[in-house]
Amino acid sequence: GDSVTQMEGPVTLSEEAFLTINCTYTATGYPSLFWYVQYPGEGLQLLLKATKADDKGSNKGFEATYRKETTSFHLEKGSVQVSDSAVYFCALTNDYKLSFGAGTTVTVRA
Amino acid sequence: NAGVTQTPKFQVLKTGQSMTLQCAQDMNHEYMSWYRQDPGMGLRLIHYSVGAGITDQGEVPNGYNVSRSTTEDFPLRLLSAAPSQTSVYFCASSTSGSYNEQFFGPGTRLTVL
């Protein structure tokens with residue numbers, strides 16, 4: 001079945017540091033790929049998405065590129081802020097069903 | 001629009017008790033789903049529905065029932081609660097099309113003693 005593997009956390013960074021969270025997937029067909037973010041005490045919200053190979057999703061300074069050849073969708077941000085502290089989930093969808101990675105907790109220190 | 005709403009926010013049950021977690025959306029979305037979130041495991045799909053009157057099992061359906069009598073509502077029933085069902089439960093909805101964003105409710109934190 002479909003699956004998503006993302007780098008384990010927790011990740012602790014200083015403000016203005018570069019953030020990368022690795023995500024790889026296994027899926028049949030042509031899944032859509034997502035990054036969701038969960039702030040403390042809240043539900044998940046969509047951060048960015050890509051629906052086909054070589055698409056780049058971007059939002060709030062975060063970027064991720066759908067790489068079919070390496071089955072990857074790594075999340076990057078060039079300069080993180082304290083407000084980026086959250087849990088980040090990589091996910092894919094095939095036929096409506098979302099499959100999530102385990103989540104990566106990111107803490108940004110001032 | 002309220003989006004996706006869930007009640008209750010918190011619940012404590014004793015082993016063997018039953019209860020229903022409520023989920024409603026006001027966006028006229030066809031697709032609704034229930035997930036549970038456990039530490040280190042991400043979110044796992046319990047049940048989902050692609051429209052009123054249609055439901056199907058996800059990855060971890062045992063111990064849970066669902067029904068979808070209206071487009072707006074998708075309740076999750078715990079038939080006989082077990083400590084293994086202690087978790088945070090999220091309801092989500094989306095328009096049809098697997099590339100579409102799913103909108104999540106705020107979650108219900110359930111503890112089974």
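**View 1. Antiparallel pairing of strand 4 with strand 9 in chain B.** In this predicted model, 7 bridges join strand 4 of chain B to strand 9 (residues 87–94) of chain B in the antiparallel sense. Within this pairing, B:Trp34 stands opposite B:Cys91 of strand 9.

**View 2. The hairpin of strands 4 and 5 in chain B.** Strand 4 of chain B also pairs in the antiparallel sense with strand 5 (residues 43–51) of chain B, over 6 bridges. B:Leu43 in strand 5 is the bridge partner of B:Gln37. The hairpin has 5 residues between the strands, and B:Gly40 takes a positive phi near 75 degrees there.

View 3. Strand 4 comprises residues 31–37 of chain B, and 7 of its 7 residues are buried. In a regular strand, side chains alternate between the two faces of the sheet.

**View 4. Cis peptide bonds in chains A and B.** Most peptide bonds are trans. A:Gly9 and A:Pro10, however, are joined by a cis bond with omega of about -5 degrees; A:Pro10 lies in the loop between strand 1 (3–6) and strand 2 (11–14) of chain A. In chain B, a cis bond with omega of about -5 degrees links B:Thr7 to B:Pro8, and B:Pro8 lies in the loop between strand 1 (4–7) and strand 2 (10–13).

**View 5. Positive phi at A:Lys60 and B:Asn28.** A:Lys60, in the loop between strand 7 (56–59) and strand 8 (62–65) of chain A, has a positive phi of about 55 degrees. For B:Asn28, phi is near 60 degrees; this residue lies in the loop between strand 3 (19–25) and strand 4 of chain B. B:Asn28 counts as exposed because its relative accessibility is 60%, and the cut-off for exposed is over 50%.

Technical notes. Residues numbered from 1 in each chain as written. Chains lettered and ligands numbered in written order. Predicted model: local features only at pLDDT ≥ 70, side-chain atom pairs only at ≥ 80, totals over all residues. Heavy atoms only, no water. Buried < 20%, exposed > 50% of the residue type's maximum accessible area, 1.4 Å probe, protein only. Helix = DSSP H or I, 4+ residues; strand = E, 2+ residues; numbered from the N terminus. Pairing = 2+ DSSP bridges.
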